[in-house]
Amino acid sequence: MPPRLNILSVARSIPYRPKAPVQWLPRPATRLSLPQVRPYSDAKDSTETPAADRSKRIDSQPLPHVSEEAAQMAEITGGEGPDLSQGTPVEEVVKGDKKAEEKLPKVMKDQLKSKTNAAPKGARSYSTTTTPVGGDSAFDMGLVSFTSPPATATPAVPGLKYEMPVLPLPKDGHVKHRYDPVVDQVTNLLMRHGKKSIAQRNMALILQHLRTAPIPSINPLRPLLPGAPPPSHLPLNPVLYLTLAIDSVAPLLRIRNQKGAAGGGVALPIPVPLGQRQRRRIAIQWILTAASKRVTSVSGKKGYAQRVASELIAVVEGRSGVWERRNMVHKLGISSRANIVLPRRK
């Protein structure tokens, strides 16, 4: 039989080491801490003022405005400086800088070349500031008339907190109809998947591109609507530019094919007149379809807006293929006008 194992003899002895006693040192009542301020790395003197006080130095002061700098220079040299209440015109700011003059719009380039058309007295066009400064402002000269009711005015009708509205209400008084009808209609047709904010951004880019585009050259074979302003006035009013381009190519009618009217199941084309909103809708759809096929060097979010704006400019200049579609619809309407059946007179 195997010998019995003794458990007490197998277990090893575990050494026990007592823990050293902890000595608590007396703590001072006040503790000194080093300041957490880092001096300037380029400072020669360690006693230099911190960063909060460096703004008082001359080299840290912001540069003055272009108009203020020109006025100070004119005061030193004894000349006549610009009027600070009206701001400095852009033409005077970029005067002498050929690179800056090349980037100006066509309208401002023409004004630089011909100084005959001077601005009216008391106002400057294309100014760098719109906020009047000082006492000699546009409000004092009578250019702007603004009357606000007194704060303590009570309504004439008792029981009302505010006064009754003045009738008739303005056209842009409603929040849903505050934009131009053409701009609103084009924005709705630009919208995709219900994202109207993206359509509004594209509409703003289109109007900006029309405003900064050069003056269009009108084709006499494809004239615009009668009574249109001169081409030089179109970039100054981009909404009018957009409306004129759409209404000029809008068809007056559409062709409705009535099945079986010609006999033997043959459809009979019948011209149907259109209203103003219907005409504009068809013209906008034609322009957007032609713009989607254009090739542009701009990519990203601004690419589609620039293609639409380029197509609108091509419509005004008579280079777009939308004119061919409009002429084709009108020719077909003239050839099928004999198919119109008028009601008999009683």
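In which loop is the place of Pro 168? Pro 168 sits in the loop between helix H5 (106-113) and H6, where helices (H or I, at least four residues) are DSSP runs numbered from the N terminus. The peptide bond from Leu 167 to Pro 168 is cis, with omega near 0 degrees.

This is a predicted model, in which local features need pLDDT of at least 70 and side-chain atom pairs count only at pLDDT 80 or more, while totals for chains, interfaces and linings use all residues. Residues are numbered from 1 along each chain as its sequence is written, and side-chain values use heavy atoms, with hydrogens and water left out.

Confidence is expressed as pLDDT, the predictor's confidence in each residue, from 0 to 100. The protein chain has a mean pLDDT of 79, and 69% of its residues reach 70 or more. Within the chain, confidence is lowest in helix H1 (residues 7-10), with a mean of 56, and highest in helix H9 (residues 276-292), at 97. Over residues 126-146 the pLDDT is below 50, and this stretch has 34 contacts in the model beyond near neighbours in sequence, a contact being heavy atoms within 4.5 Å. Where pLDDT is low, the predicted coordinates should not be read in detail.

The helix packing can now be followed. Two packed helices are described by the angle between their axes and the distance between the axes. Axes are lines fitted to C-alpha atoms, for helices over the stretch in contact, and angles run from 0 to 180 degrees between N-to-C directions. Helix H6 (residues 181-190) packs with H7 at an angle of about 125 degrees, their axes being 8 Å apart. H6 and H7 are therefore oblique to each other; angles under 35 degrees count as roughly parallel, over 145 as roughly antiparallel, 65 to 115 as roughly perpendicular and the rest as oblique. Residues making this contact include Val 183 and Leu 190 of H6 and Met 203 and Ile 206 of H7. In the loop between H6 and H7 lies His 193, whose phi is near 60 degrees, a positive value in a residue other than glycine.

H7 also packs with helix H10 (residues 303-317), at an angle of about 45 degrees and with the axes 9 Å apart. H7 is oblique to H10 because of that angle.

Beyond H7, Arg 222 lies in the loop between helix H7 (196-212) and helix H8 (238-249). Not counting residues up to four places away in sequence, Arg 222 touches Gly 318, Ser 320, Trp 323 and Glu 324. The side chains of Arg 222 and Glu 324 are joined by a polar contact of 2.4 Å, meaning a pair of N or O atoms within 3.5 Å; within protein, one must be able to donate a hydrogen and the other to accept it, and residues adjacent in sequence count only if both atoms are side-chain atoms.

Key. Helix = DSSP H or I, 4+ residues; strand = E, 2+ residues; numbered from the N terminus.
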